[in-house]
Amino acid sequence: QSPLSALPDSGDRDVESTLRPRKLAEFVGQPKVREQLELVLESARRRGVAPDHLLLSGPPGLGKTSLAMIIAAELDSAIRVTSGPALERSGDLAAMLSNLVQGDVLFIDEIHRIARPAEEMLYLAMEDFRVDVVVGKGPGATSIPLEIAPFTLVGATTRTGALTGPLRDRFGFTGQMEFYEPAELEDVLRRSASILGVSLDAEAGAEIAGRSRGTPRIANRLLRRVRDYAEVRADGHVTREIASAALAVYDVDELGLDRLDRAVLTALVRSFGGGPVGISTLAVAVGEEAATVEEVCEPYLVRAGMLARTPRGRVATEFAWRHLGDRPPQNPRG
Ligand code: ADP
């Protein structure tokens, strides 16, 4: 069973899982979501019931999967993992649901990409712990109701807006994950360095944290690349100079923008005069899928103050022009 490997995500999955925090106390940052979750979980524990279904929302790499696993661990429950794209046939979901035992956590990553029939099956399962299994085809088809064990669904999505209303309404709680502060990423890096056995100066940690786009997964990935560099070109110890030199090799700039981020900004500024331009036009210009630009690049560019969303399209800010070394137009649009 490897639905997670079907996700369009980075390599190093095995390393990623060793770096995953296991307990809520080990989970760095997200004070708001953590407090909210603590209340939901503790109250369910006291009442001896399965907690409400939970939705975790936010850009990739902020810790949604990790949190889902922590939720299961805190509940002393088993976790079953799947993803929206893996549930194309509702029969697969029915099989998964009917195998759950009481109190299990079912984690569905990228839940906004679930196919319609599976989604409709999920409504009933979430609400009444029941599925209707359709047997046969055509006029002779009958549906057989099947009880399933009370479980907790944890959904993760990079786009809450892409969820249908009825699905969103069936979650008792939505945790909105935020980008991490540099100091929080330094904590993540310190922990990861000690797990990986990397000797990392504090200033080097700060340097990597500052270029990690507010994202623990990126911080961990940059740490591994910096480690490679330190091992191959130096004695393995990571100083600030080593970290900067390594990140230059991997085209990660001082603000943490990578090749794709810069390609998006460059297209916006140089091909479209700074905008406004629609997201799909922009995506075509950089040869990427619109969803990737919208879910992966855009949230961070907006947060970094380089890109603005307007009703007429995306607009480069003055800061973006300057970051690319271009002079902003005299009458900035926007
Ligand atoms: P998502 O599901 O949101 O894409 P993940 O839960 O897979 O994100 O997190 C990606 C990696 O980032 C994990 O392997 C983990 O090492 C690290 N990570 C994420 N959030 C945290 C955190 N709060 N504290 C420590 N490490 C984290």
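Which residues does Val 226 touch, not counting residues up to four places away in sequence? I looked this up first. Val 226 touches Ile 208, Val 238, Ile 242, Ala 243, Ala 246 and Leu 247. I took contact to mean C-beta atoms, placed from the backbone, within 7 Å.

**Ground rules.** The model is predicted: local features need pLDDT of at least 70, side-chain atom pairs count only at pLDDT 80 or more, and totals for chains, interfaces and linings use all residues. Residues are numbered from 1 along each chain as its sequence is written. My helices (H or I, at least four residues) and strands (E, at least two) are DSSP runs, numbered from the N terminus.

**Cores.** I then looked up the nonpolar cores. Such a core is a set of buried Ala, Val, Leu, Ile, Met, Phe, Trp, Tyr and Cys residues joined through C-beta atoms within 7 Å. Buried means 20 or more other C-beta atoms within 10 Å of the residue's own; exposed means 12 or fewer; partly exposed is in between. The largest nonpolar core has 41 residues. Val 226 is among those with the most contacts inside it, as are Leu 189, Ile 208, Ala 219 and Val 264. Several helices each supply at least two residues of this core, including H7 (182–196) and H8 (202–210). H9 gives the most, with seven residues. Another core, of 39 residues, lies apart from it and includes Val 81, Leu 106, Ala 118 and Ala 156. In soluble globular proteins, nonpolar side chains tend to be buried together.

**Helix H5.** Next I checked H5, residues 116–128. H5 reaches 19 Å from its first C-alpha to its last, close to the 18 Å expected. The expected span is 1.5 Å times one less than the number of residues. Which residues of H5 are buried? They are Ala 118, Met 121, Leu 122, Ala 125 and Met 126. They cover an arc of only 135° around the axis, which puts them on the same side of H5. I note that the arc is that of the directions from the helix axis to the C-beta atoms. On the other side, Arg 116, Glu 127 and Asp 128 are exposed. Helix H4 (90–98), strand S4 (130–135) and strand S6 (152–157) are among what covers the buried residues. Just after H5, Phe 129 takes a positive phi of about 50°.

**Arg 322.** Is Arg 322 buried or exposed? Arg 322, in helix H14, counts as exposed because it has 12 C-beta neighbours inside 10 Å. Arg 322 and Met 306 are 16 residues apart in sequence and 9.6 Å apart in space, C-alpha to C-alpha.

Conventions: Contact = placed C-beta atoms within 7 Å.
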